[in-house]
Amino acid sequence: MIVEATGLRKSYGATEVLSGVDLRVPEGSVHALLGPNGAGKTTTVRILTTLTRPDDGRATIAGYDVLREPAQVRGVISLTGQYAAVDEDQTGRENLVMVGRLMHLGRPAARRRTGDLLERFGLTDAMDRRVKTYSGGMRRRLDLAMSLIARPRVIFLDEPTTGLDPASRSTMWEVIGELVRDGTTILLTTQYLEEADRLADRIVLLDHGRIVATGTADELKTQIGGERIELRFADEVQLLKATGVLDGVADELVLNIPSDGTAAHLHHVLDVLRDNGLQPERVSSHRPTLDDVFLALTA
Ligand SMILES: Nc1ncnc2c1ncn2[C@@H]1O[C@H](COP(=O)(O)OP(=O)(O)O)[C@@H](O)[C@H]1O
Ligand SMILES: [Mg+2]
């Protein structure tokens with residue numbers, strides 16, 4: 001495991017913000033730490049990147065202990081946002097070359113790497129413009145490019161697309177997807193289910209400082225009960241009658257019936273309805289979304 005954490009705890013004053021977080025991330029995978037605002041995502045990332053000390057628990061990155069070997073840890077990771085102090089009066093290219101020089105790349109190597117990264121992040125056209133003229137999405141990409149100069153083995157992305165418009169978000173997703181194809185390990189945090197679903201091999205659902213579920217998007221969906229059949233009725237009378245003859249949960253004028261997703265089960269439900277003279281307005285089969293998972297597990 002390139003990232004391994006066990007029993008991480010952290011309190012601020014009397015408030016416990018992490019209550020025993022465990023993580024195991026294999027090299028080359030993408031993990032999403034998914035959770036609502038205040039769940040403890042940034043605190044977890046700060047501990048793993050040596051910026052915050054946990055009160056208890058331990059963590060290693062590429063085998064290096066975050067508390068005892070912070071310098072070695074910093075040598076194998078990157079954290080986006082760390083170059084928030086990008087020089088606004090310099091161009092994108094100048095900023096990248098500067099970081100390359102700070103990373104002790106020779107001038108030709110820094111130039112080459114800068115060229116590659118500008119190309120890859122779609123910033124070639126804007127490379128000679130001052131950063132203060134960049135859009136939010138361009139800044140975010142430049143920030144990520146800067147953090148990649150040193151070729152880190154593990155990249156931490158704390159809410160990489162929060163606040164971006166849909167087009168910039170989608171560009172960022174493509175960029176992240178490419179890093180993954182290179183075999184870089186990524187741990188990203190997000191509040192967006194769609195983002196976790198789209199980018200991550202595994203999702204760790206964090207709520208109130210606790211991991212409430214872990215798995216692939218599909219596993220999480222299965223975990224909360226697979227499929228259901230939705231019957232919508234025209235009025236309360238029909239709904240009540242249906243509730244009497246079918247096992248389900250009523251919500252407004254809809255009856256939700258847990259299902260194994262087979263045609264046989266759907267036939268059975270329709271037979272029961274017909275035998276009881278019931279005629280729903282709509283029948284639909286519903287596979288849980290990550291949204292359902294989120295609501296079910298973070299309620
Ligand atoms: N330096 C700090 N001092 C006091 N409380 C903090 C500090 N950092 C974070 N918190 C609190 O810890 C909780 C978790 O915060 P955070 O890890 O930033 O959550 P997330 O990134 O998931 O939104 C929040 O309630 C936040 O207010
Ligand atoms: Mg945060």
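Helices (H or I, at least four residues) and strands (E, at least two) are DSSP runs, numbered from the N terminus. These legends use those labels for close-up views of a predicted model, in which local features need pLDDT of at least 70, side-chain atom pairs count only at pLDDT 80 or more, and totals for chains, interfaces and linings use all residues. Residues are numbered from 1 along each chain as its sequence is written, chains are lettered from A and ligands numbered from 1 in the order in which they are written, and side-chain values use heavy atoms, with hydrogens and water left out.

**View 1. Thr50, a loop residue with a positive phi.** Let's start in the loop between helix H1 (41-48) and strand E4 (56-61), where Thr50 sits. Most residues other than glycine have a negative phi. Thr50 is not a glycine, yet its phi is positive, at about 70°. Thr50 counts as buried because its relative accessibility is 15% (buried means under 20% relative accessible area, exposed over 50%, partly exposed in between, with a 1.4 Å probe and protein chains only).

**View 2. Glu159, another loop residue with a positive phi.** Look now at the loop between strand E7 (154-158) and helix H6 (166-181), which holds Glu159. The phi of Glu159 is positive, near 45°, and this residue is not a glycine. Is Glu159 buried or exposed? With 15% relative accessibility, Glu159 counts as buried.

**View 3. Thr189 in strand E8.** Strand E8 covers residues 185-190, and Thr189 is found in it. Thr189 has a relative accessible area of 0%, so it is buried. Which side chain does the side chain of Thr189 meet in a polar contact? The partner is the side chain of Asp158, at 2.5 Å (a polar contact is a pair of N or O atoms within 3.5 Å; within protein, one must be able to donate a hydrogen and the other to accept it, and residues adjacent in sequence count only if both atoms are side-chain atoms). Leaving aside residues up to four places away in sequence, Thr189 touches several others, including Leu33, Lys41, Asp158 and Glu159 (contact means heavy atoms within 4.5 Å).

**View 4. Thr190, also in strand E8.** Thr190 has its place in strand E8 and counts as buried, at 1% relative accessibility. A polar atom of the Thr190 side chain lies 2.9 Å from the backbone nitrogen of Tyr192. Not counting residues up to four places away in sequence, Thr190 touches Leu33, Leu34, Gly35, Lys41, Glu195 and Ala196.

**View 5. Helix H3 beside helix H5.** The axes of H3 (residues 92-102) and H5 (residues 136-148) come within 9 Å and cross at roughly 20° (axes are lines fitted to C-alpha atoms, for helices over the stretch in contact, and angles run from 0 to 180 degrees between N-to-C directions). That angle makes H3 roughly parallel to H5 (under 35 degrees is roughly parallel, over 145 roughly antiparallel, 65 to 115 roughly perpendicular and the rest oblique). Gly92, Asn95, Leu96 and Val99 in H3 meet Leu142, Ala145 and Met146 in H5.

**View 6. Helix H3 against helix H4.** Here the axes of H3 and H4 (residues 107-120) come within 9 Å and cross at roughly 135°. H3 is therefore oblique to H4. Arg93, Leu96, Val97, Gly100 and Arg101 of H3 make the contact with Arg107, Ala110, Thr114 and Leu118 of H4.
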